[in-house]
Amino acid sequence: MAVKLVVRHPGSTGERGEVSFEFEQVRVAIGRSAGADVRLPGLTVSELHATLELQTGQARLRDEGSTNGTRVNGVALVPQRPRSLVSGDLIEIGEFSIAFSSGPLLGVATSPDRTASLARRLLQELSGADAHALAVPFLRITRGPDQGTLVNLGEAPSRLVIGRGEEADLVLRDPDVSREHIEITRDLDGALARDLGSKNGLDVNGKRLRERRLRHGDTLRLGETSIVYEDPAEQALKGLEGQPDQLVTRTQQAAAAAPPKSAETSASPQVAQPQDAPARPAAPKTGSTDVLIYGLAAVILAASLAGLVWLFR
C-alpha cells in the first residue's frame, strides 16, 4: 500500500503552496528536522512531530509528544497513541494541513532529495516579500583566475554551461578547464550539476562525479577553479533546526483546519467573522424556569404599585 500526503499552508497561494509526497515505506517521519520524510518549515512544528506507520494494509498516525499536538479531522490525538487513517482524513500539524489518501503508488516514491526540495518550495512560498531573495541560488568562485565572480542561476527552468570556450555561458580563464566543462540545470527541485565529458572531470566536495544534485555549500572543482553553490532557501531551512518550538495561535489553528476554498465558493460573497471573536449568544429559550422568574417579577411589581397607592391615600 502507498500513501499520498498533500501539504498546504493557509498563508500560501497558488500551486506552489501545495506540495505532494508519496511513500511506500513502513515508517514516515513528519517534522521540522532535516531527517524528516515530510519536512514542514515552521517553528510551530516540532523536530519530530508525528510518525505515520504503514503495516498490513493499514496506516496509523502517532503524535510523538509534539509541542502543539496533532489533530485528525479536528480531533486532537493522545500523544503516543496511534490512530488509524482512511482516505479523506485531514491532518493538522502546526500551521499546516495535510490531506491523506491511500492506494496504489501513482508516481515515484518521494526521495530525501525530493523532500528537501519540497521544503524549500514551501519556505519560499511562505516568505512573502523575501521570497525572491530565497528563490535564486547562485555560484561563487572562490579560487582560480576568476575568483570573486558571482553568478545567479536564474529562474527555473534554466541551463548554465561553464567552460573555457566562448560558447560557454560562464567563461573561465582557467587553462585546465575544458571548452564546455559542466552544465548546471535548474528546475523546481533545485540545481543539478553534470559533467559534459570534460578532460579533468567534475569534482564535488573532493569526489569525482558524473552528476550531482547540488546542496548549499557544495564546492565544485574544475581544473584550478573552485566554485561554491549557495542556496539561500536551503540555508534558511538549516536556520530553523535546533530552534525552540513556537505555540500555535487560535487563528493559525483555525486557518489550518479550514479546507481550501474552491473557485465556486470564493466567487460568492461572504461575510467573514473574526477568528478570535467571542461566540454569538444563543437566542433565549422559554422554559419552566423562565415562567417562574416572570411570575415572581409580576408579583413584585404588583406589591410595589400597592405600596404607592397606600402612600398617597
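1. Strand 1 and strand 11 (residues 96–103) run antiparallel and are joined by 7 bridges. Within this pairing, leucine 5 has phenylalanine 100 of strand 11 as its bridge partner. Please read this as a predicted model.

2. Strand 1 also pairs with strand 2 (residues 18–23). These two run antiparallel as well, with 6 bridges between them. Arginine 8 stands opposite glutamate 18 of strand 2.

3. How many of the 7 residues of strand 1 are buried? The count is 6, so strand 1 (residues 2–8) is largely enclosed by the rest of the structure.

4. The model holds 1 aromatic pair. It is formed by phenylalanine 21 and phenylalanine 23, with ring centres 6.2 Å apart and planes at 10 degrees. Stacked pairs need planes under 30 degrees apart, so this pair is stacked. Phenylalanine 21 is buried, at 0% relative accessible area. Phenylalanine 23 is buried too, at 1%.

5. Side chains of opposite charge can pair when their charged atoms come close. The whole structure has 20 salt bridges. One of them joins arginine 215 and aspartate 113, at 2.8 Å from N to O. The two residues are 102 residues apart and link distant parts of the chain. Arginine 215 sits in the loop between strand 20 (211–213) and strand 21 (219–222), whereas aspartate 113 belongs to helix 1 (residues 112–126). Both ends are partly exposed: arginine 215 has a relative accessible area of 41%, and aspartate 113 has 35%.

6. Glutamate 183 and arginine 159 also meet in a salt bridge, at 2.4 Å from N to O. Glutamate 183 is in strand 16 (residues 182–187) and arginine 159 in strand 14 (residues 158–163), so the contact ties together parts 24 residues apart in sequence. Arginine 159 is exposed, at 52%. The cut-offs are under 20% for buried and over 50% for exposed.

7. A further salt bridge connects glutamate 224 and arginine 221, whose closest N and O atoms are 3.6 Å apart. Glutamate 224 is partly exposed at 38% relative accessible area. Arginine 221 is partly exposed at 28%.

8. Which residues does a network of salt bridges link? Arg32, Glu47 and Asp245 are linked in this way.

Methods
Residues numbered from 1 in each chain as written. Predicted model: local features only at pLDDT ≥ 70, side-chain atom pairs only at ≥ 80, totals over all residues. Heavy atoms only, no water. Buried < 20%, exposed > 50% of the residue type's maximum accessible area, 1.4 Å probe, protein only. Helix = DSSP H or I, 4+ residues; strand = E, 2+ residues; numbered from the N terminus. Pairing = 2+ DSSP bridges. Phe/Tyr/Trp six-rings, centres within 6.5 Å; stacked < 30°, edge-to-face > 60°. Salt bridge = Lys/Arg side-chain N within 4 Å of Asp/Glu carboxyl O.
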